[in-house]
Amino acid sequence: MTTYAVTGATGHLGRLVVQELLSRGVPAADVVAIARTPEKAADLAELGAQVREGDYDRPETLATALVGVQRLLLVSGSEPGARVPQHTAVIDAAKAAGVERIAYTSILNADDTTNPLAGEHQATEQVLRASGLPVTLLRNGWYTENYTARIGEFVERGEIVGASGDGKVSAAPRADYAGAAAAALLADDAAAGSADGSAAGAAAPVVVHELGGPAFTFTELAATIADATGAPVAYRDLTVEAFAADLQQAGLDAGTAGFVAGIDASIAAGDLQTDSDDLDRLLGRPATPLADAVRAARG
């Protein structure tokens, strides 16, 4: 039997992936939920999953956590600036433990994106490619929760402010990405060859999935929220510089404001949009439309 492990199993995405594996018929004893604080995974333990301690910053815990694991989902860390050494520690531990394949939650269009979040994902992809292990790169687009969690704020203000222009975001709910990750872990495509063109046998295969839902502009986002809530919500587009200044006036420091505005600039450049149908194919159904996600968030 194959044993599957998920890091960051108490996070929003990791917990959903563990639940997806179980719902797809993987025996609970063959699912390992790796968490920095195992006590927070009590609900997963009650479902029968193995819960093991694994801290990205404590490599000795990773070695133990990965014993007997064949397929691993490495959920990217949440600490900007620390991700590459953290991810490298997991990859090294996986090699030492005999893990047969690693899937990694990267960023959409990682090859050429200007998104300021991309650097650590690109560096991690390089470490994975150099590891000698078969790799599945799950290049996730934005979560619709990035926006639906702020519906109340948008309604109160009556507007969404940004610098994305007419750029589109191919977003989907976390649950969709979790379903895709589970499907990728269960698939055997990494053994057959590489979606990015490398030949099986010549090197460890690397399968790349560009994942995103139906694309929308911020104008369309505002209109969808307005329709769902009955409140007037519009999108106000600014220059990147003006948006950064607006964010500073709202209380962000200059560095953070510039970072957030830079993400919008990357959206304007099309970096968070994809025409790939990889998410639909992995899910076996269309990804969740924005309107459905907004209605679900509204309850």
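Phe218 is buried, with a relative accessible area of 5%. Buried here means under 20% relative accessible area, exposed means over 50%, and partly exposed lies in between (1.4 Å probe, protein chains only). Tyr235 also counts as buried, at 15% relative accessibility. The model is predicted: local features need pLDDT of at least 70 and side-chain atom pairs count only at pLDDT 80 or more, while totals for chains, interfaces and linings use all residues. Residues are numbered from 1 along each chain as its sequence is written, and side-chain values use heavy atoms, with hydrogens and water left out.

**Aromatic pairs**

Rings of Phe, Tyr and Trp (its six-membered ring) pair if their centres lie within 6.5 Å; planes under 30 degrees apart count as stacked, over 60 as edge-to-face and the rest as tilted. The count under this rule is 4 aromatic pairs. The rings of Tyr147 and Phe218 have centres 5.5 Å apart and planes at 75°, so this pair is edge-to-face. It links distant parts of the chain: Tyr147 sits in helix H6 (residues 145–148) and Phe218 in helix H9, 71 residues apart. Helices (H or I, at least four residues) and strands (E, at least two) are DSSP runs, numbered from the N terminus. Both Tyr147 and Phe218 are buried. Phe218 also pairs edge-to-face with Tyr235, at 5.4 Å centre to centre and 75° between the planes. Tyr147, Phe216, Phe218 and Tyr235 form one aromatic cluster.

Thr217 lies in the loop between strand E10 (215–216) and helix H9 (218–229). Is Thr217 buried or exposed? Thr217 is buried, with a relative accessible area of 10%. Neighbours within four places in sequence aside, Thr217 is in contact (heavy atoms within 4.5 Å) with Asp166, Gly167 and Lys168.

**Salt bridges**

A salt bridge is a side-chain nitrogen of Lys or Arg within 4 Å of a carboxyl oxygen of Asp or Glu. That rule gives 17 salt bridges. The table holds three of them.

| Salt bridge | N to O distance |
|---|---|
| Glu125 and Arg139 | 2.7 Å |
| Arg236 and Glu159 | 3.0 Å |
| Asp292 and Arg295 | 2.3 Å |

The salt bridge of Glu125 and Arg139 has an N to O distance of 2.7 Å. This pair links distant parts of the chain: Glu125 is in helix H5 (residues 118–130) and Arg139 in strand E6 (residues 135–140), 14 residues apart. Both Glu125 and Arg139 are buried. The salt bridge of Arg236 and Glu159 has an N to O distance of 3.0 Å. It joins Arg236 in strand E11 (residues 234–237) to Glu159 in strand E7 (residues 159–162), 77 residues apart. Arg236 is partly exposed, with a relative accessible area of 35%.

Asp292 and Arg295 both lie in helix H13 (residues 290–298), 3 residues apart, about one turn of the helix. Asp292 is partly exposed at 35% relative accessible area, and Arg295 is partly exposed at 48%. Elsewhere, salt bridges that share partners join Arg150, Glu153, Arg157, Glu159 and Arg236 into one network.

**Cores**

In soluble globular proteins, nonpolar side chains tend to be buried together. A nonpolar core is a set of buried Ala, Val, Leu, Ile, Met, Phe, Trp, Tyr and Cys residues joined through side-chain atoms within 4.5 Å. The largest has 57 residues, of which Val17, Val18, Leu21, Leu72, Leu73, Ile102 and Leu279 touch the most other members. Helix H8 (residues 174–186) gives the most to this core, with 8 residues. A second, separate core of 24 residues includes Tyr147, Val169, Ala171 and Ala222.

**Strand E9**

Strand E9 (residues 206–211) is mostly covered, with 6 of its 6 residues buried. Val206, Val208 and Glu210 point one way, Val207, His209 and Leu211 the other. Strands E6 and E9 run parallel, joined by 6 bridges; two strands pair if DSSP finds at least two bridges between them. Val135 has Val206 in E9 as its bridge partner.

**Confidence**

pLDDT is the predictor's confidence in each residue, from 0 to 100. The chain averages 94, and 95% of the residues score at least 70. Over residues 190–195 pLDDT stays under 50, and the model has 15 contacts for them beyond four places in sequence. Over residues 197–201 pLDDT is below 50 too, with 4 contacts beyond near neighbours in sequence. Where pLDDT is low, the predicted coordinates should not be read in detail.
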